[in-house]
Structure formats: C-alpha cells, structure tokens
Amino acid sequence: MRFSFFLSEAFGSMRRNWVMAMAAVITVFISTAILGAVLVTRDNLNQGATSLKNRVMIEVFIKDSATPQQTQALERKIQGMNDIKSYKYISKDEALRRFRERFGERIVANLPINPLPASYEIQVKDADRVDSVAQQFFDNPVVDNDPGTHNGVKYAKETVRKMLGTISLIEKGMWVTTGIFAAAAVLLISTTVRLSIFARRREVEIMRLVGATNWFIRWPFVLEGFITGLVGAMLAAAFVWVGNWGIANWIQSSQIDFLSLRVFRMWWQGGSWPLGLMPTLTILGALLGAVGSLVALRRYLKT
Amino acid sequence: MIVFEDVIKVYDPDVVGLQDFTCHIGKGEFVFLVGPSGSGKSTLIKLVLKELVPNSGRILVAGRNLGTLRKSRVPLLRRNIGCVFQDFKLLPNKTVHDNVAYALEVVGEPRRSIRRKVPEILSLVGLAEKTDSYPHEISGGEQQRVSVARAFVNHPPLLLADEPTGNIDPETAVGIMQLLVRINRTGTTVVIATHDRDMVNRMRRRVLQLEAGRLVRDERRGSYDQVTEEVGDAL
C-alpha cells in the first residue's frame, strides 16, 4: 500500500473538514492540558514534600558538665547510625552567635555567662524514621534532659506525623484526579472522532463499494487521528511547560514575602519535568487519536 | 456469470426480499431487472455484492461461491464488479479525476498507469473537460457518467446498475444507456435494475421481472410489461 497516498488523503480530508479537525485538536489540547497540569502539580507537590521531609531535624542538647570524651563518644554513636544523612556540631559559642543574630545584641550583652548548651543537629534520611532515631538519645547521660523528661532531644514529632499524613493524602487525591481526567480525555476524544467519522460514513460506504479493503479505508483515518492527537498534545505539552515554569519563576523571584508564599515557594520549584512528561503527553495524545479513529471506524467496517 | 439457486432472503421482521429465487445470467449478457419498488431488485444486487447474505440458497458470481467466500476476500470480489447507483455515490470531496482514480488506487494500480487510464476512460464517457470539477459542480447526467467511468475503469467482467437513469432526464438517460451498451460490447456482463419503461421497451433485451421477491418472468428480447399470450395473440 502507498503511504504517501494515505498521507495526502489524511491531510486532504483535514483541510476539507477543518472545522472538525480544529474541534478534535482543541479537544485533545484541553484534555491533555488538564491531564498534564494535574501531573505537573503532583510532581511539584512531591518535590515540595521531599524537600520538607529533608528539613526534618533532630536537635540533641548536651549537658554543660559533659566531658570532651563523653561528647566524642556521642558523636561516634551518631556516626554509627544508619538512618542519618548528616549531622553538625553546634558549640556553645556558635549557639550564642546564632542567638545574637536572631534576637539582637541587646539581650545577649548583659549575660554574665553563656546559658546556651552545645548541641548536635541531626538530619535524618527518611522523615518516617525520625521517631526511632530520636528515641535513641532519650536516655543518654550526656543529653541535657530535665529529670524525668526527654526534653534534651527536640524534634517536631507532631508536625512530622501530620505532614506525612497530609502528603500521602495529597498523593492519593492526585492519583484519583489523574485517573478521572485521563478517562475524561479518552471519552472526549473518542466522541469527537466518532462524530467526525459519522459525518463521513457515506464516504466509507462508497470506499467499500469500490472494493477498498478495510485497512485501505482505515489508514487515512488513523493517520488523521494520529496527526490530530499529535498536534493537540504538543500544544498542550508546550502550554503546560510554559505554565509550570512561569509559576515557578514568578514564585521564586517574587519580592512579596508573605509566609504563605514562602511555603508555596517550597512547594512549587518546577518539578522534575519537562524531560519525562513532555514526550509522554505527546505520544499519549497521538495514540489516543489513532486508537480513537480505529474504534470509531469499527462499526462502519463490518462486512 | 451470476447463478442464483433457490435463494431466500428475509429481512428482520418478516419482510421478504427474495423468495425461492433461481436464475442464471451468462457471460456477456445484457439484462434488465424490472418490477415495482420492493420487489427485490435492490436485494438481488446487494446479494451479488455480498453486502447482504441470503438466509438460504446458493449464489455464484464468476464461478465463486459467495457462501464460502471469506470476509477478507469480499473487497476482491467487489473490485471485479463495477457498480452504478441512482444517487451516483461519488465522493463529494474529490474531483471527477480523483473519484475515478480512487477505484484504481484501491487495487494498488501504479501511479503511472493511473495517469494514463483515467483520462482515457473520462474521454470515453465524454467528460474530458470536466476532469478537475467537483461532483456538485456538474449536472446529474454528468455525475452519472463519472460513476459509470469509475465502475468501468478497472474493466470488470460484471457491471451492476441500480436505477442508473432514475435521477436524470430522459434524453441524458439515453446517453447513459448507450454507454452501458458499449461497455457490454467489450464483453462485460451488464445487469440493470430499472423502472424506465421506455428504455426497456426500446432496447428489447433479456428481462427478468420480479414480484414480491419472486421471479415471475424471464424473457429474451422482452418488454417492460408482461404481454400475456392471449393479449399477444389478440394483438
């Protein structure tokens, strides 16, 4: 069979039925753009969640009475732990310097001694493990606990728990949304294709009468669907890509520094896109168009 | 060329298409199918094209048994049958040239031979000047000639026409009929279902008359209406 003939048939029919072709392109564009937007949002949220998880920190305060040997022993213990990504020793002087930086010279100026304890700041590999890591310091004699408590070990226990819960909820919600929109996209596209083929069923009937094989009839339609899907999906991919970076840039460069925006900045950093999503969306759109044509043609090609 | 043996075709709720239909149409014949609307003429044509499948009986076309013909071979069957219809059935988006060329594209004819054959057949039907017109730009008679050109461009051994002159004025109809006769002279079997009384009476060819799905008359050199022996004698 002659490919160039099918291609020129496909383009010819798109030129003649350009209103229908436009409708199909727009349908593919809208549905893949929505799908892409959902995927990109999910991607950004995931990245935000990861960066939040990475900020989970445990602070272990050390008694002033601890000997250097005891402190070193504690450090070796920290080094030996598997779940730890990094740790940093904050000396009493460093702690005071930070305090001064944060609250101003005046409060510190009149202090006769440095009341701040030295500490270790520990970052955990996995936010889920923060509890079990922290617990390992609870009963250490070097840790500056008030009698009967574990307040020498500080970490955002409740916050972490809630955060993890929220993240998993958001992820689930996003999966559901993705599923719904993907289904909607398939339905919209197949309806559009069916309409355009219904409008041309007479053509199909004539083709069959002059002895065209089913595949001879199908090819131009399939190519047409493929091209339509390709164009719509490429537009959608470009749209989503520009939108994604636009939002990310706007948020990162924005001078406004409301708390909400700062939180948002963490959430929307641009995601790991566009390398994976762009071709996926495009191929998806093109396949949707082609398969949509095949399915819609089926009822007119029964012999 | 066409053999029907005890063919029965009944549509869904009990509408009779053909009833115990038996006939034999030889190679190179020129045959009129006559009878009122709903008598089974179109059913017969659709059965030959295997657009419909009979409830029982046997149909042979060019020696092939349609009952055992595989679905995938149906397009091949149709390529050997030229078809002309009352409503022309031209592709509205294609020019006269491309409509005829389509029948050749379908069989995978090389481009070079398409370029030769299409103008040839178009000048045979007298439409050489209308090559680049679209169907809606030309008259009904001209459209029907395009349709005949498309049906004959492959030089099929069999040509079926369902009311080919039904939508065109009598003078133009004569031209169409002459075209079909010329095609018949090349050896192609021609079967025409028609209501055109004058045409049938003038041509005096074999006539098959159908009535409610039954063959009621098969006459060589027949006329449109049945002339009974008695009336004939009286005349």
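1. Start with a pair in chain A. A:Arg98 and A:Glu94 lie four residues apart in helix H4 (residues 92-103) of chain A, so about one helical turn separates them. Helices here are DSSP runs of H or I with at least four residues, strands are runs of E with at least two, and both are numbered from the N terminus. The side chains of A:Arg98 and A:Glu94 meet in a salt bridge, at 3.6 Å from N to O. The term means a side-chain nitrogen of Lys or Arg within 4 Å of a carboxyl oxygen of Asp or Glu. A:Arg98 is partly exposed, at 30% relative accessible area. A:Glu94 is partly exposed too, at 23%. The classes are buried (under 20% relative accessible area), exposed (over 50%) and partly exposed in between, with a 1.4 Å probe and protein chains only.

2. A word on the source. The model is predicted, so local features need pLDDT of at least 70 and side-chain atom pairs count only at pLDDT 80 or more, while totals for chains, interfaces and linings use all residues. Residues are numbered from 1 along each chain as its sequence is written, chains are lettered from A and ligands numbered from 1 in the order in which they are written, and side-chain values use heavy atoms, leaving out hydrogens and water.

3. The pair in point 1 belongs to a network. Salt bridges link A:Glu94, A:Arg97, A:Arg98, A:Glu101 and A:Glu121. Over all chains, the structure holds 18 salt bridges.

4. Chain A as a whole comes next. Chain A has 11 helices and four strands. It has 303 residues, of which 42% count as buried. Take the contacts in chain A between residues at least 6 apart in sequence: 82% of them join residues at least 24 apart. Contact means heavy atoms within 4.5 Å. Chain A exposes about 17000 Å², and carbon and sulfur atoms supply 63% of that area. Accessible areas come from the Shrake-Rupley method with a 1.4 Å probe; for residues, only the protein chains shown count as cover.

5. Now the interface. On the chain B side, 23 residues are in contact with 18 residues of chain A. The size of an interface is often given as the accessible area lost when the parts come together. Between chain B and chain A, about 2100 Å² is buried, and carbon and sulfur atoms give 55% of it. Buried area is the accessible area (1.4 Å probe) that two parts lose on being put together, summed over both. B:Arg78, B:Asn93 and B:Tyr102 supply 28% of the area that chain B buries against chain A, more than any other three residues.

6. Polar links cross this interface. The count between chain B and chain A is three salt bridges. Five residue pairs are in polar contact across the interface, both residues at pLDDT 80 or more. A polar contact is a pair of N or O atoms within 3.5 Å; within protein, one must be able to donate a hydrogen and the other to accept it, and residues adjacent in sequence count only if both atoms are side-chain atoms. On the side of chain B that touches chain A, the elements giving two or more residues are helix H2 (74-79), helix H3 (96-106) and helix H4 (111-124) of chain B. H2(B) gives the most, with four residues. The residues of that side divide into 10 nonpolar, two polar and 11 charged. Nonpolar covers Ala, Val, Leu, Ile, Met, Phe, Trp, Tyr, Cys and Pro; charged covers Asp, Glu, Lys and Arg; the others, Gly among them, are polar.

7. One bridge between the chains deserves a look. B:Lys94 forms a salt bridge with A:Glu9, with the closest N and O atoms 2.5 Å apart. The pair runs from the loop between strand S6 (81-85) and H3 of chain B to helix H1 of chain A. B:Lys94 counts as buried at 9% relative accessibility. A:Glu9 is buried as well, at 13%. Leaving aside residues up to four places away in sequence, A:Glu9 touches A:Arg16, A:Pro220, B:Lys94 and B:Tyr102.

8. Chain B has a bridge of its own to check. B:Asp218 forms a salt bridge with B:Arg206, the closest N and O atoms being 2.8 Å apart. The pair links distant parts of the chain: B:Asp218 sits in strand S10 (residues 214-219), B:Arg206 in strand S9 (residues 206-211), 12 residues apart. B:Asp218 is partly exposed at 41% relative accessibility, whereas B:Arg206 is buried at 10%.

9. Last, B:Ser223. B:Ser223 lies in the loop between S10 and helix H8 (229-234) of chain B. B:Ser223 is buried, with a relative accessible area of 6%. The side chain of B:Ser223 reaches the backbone oxygen of B:Asp225 at 3.0 Å.
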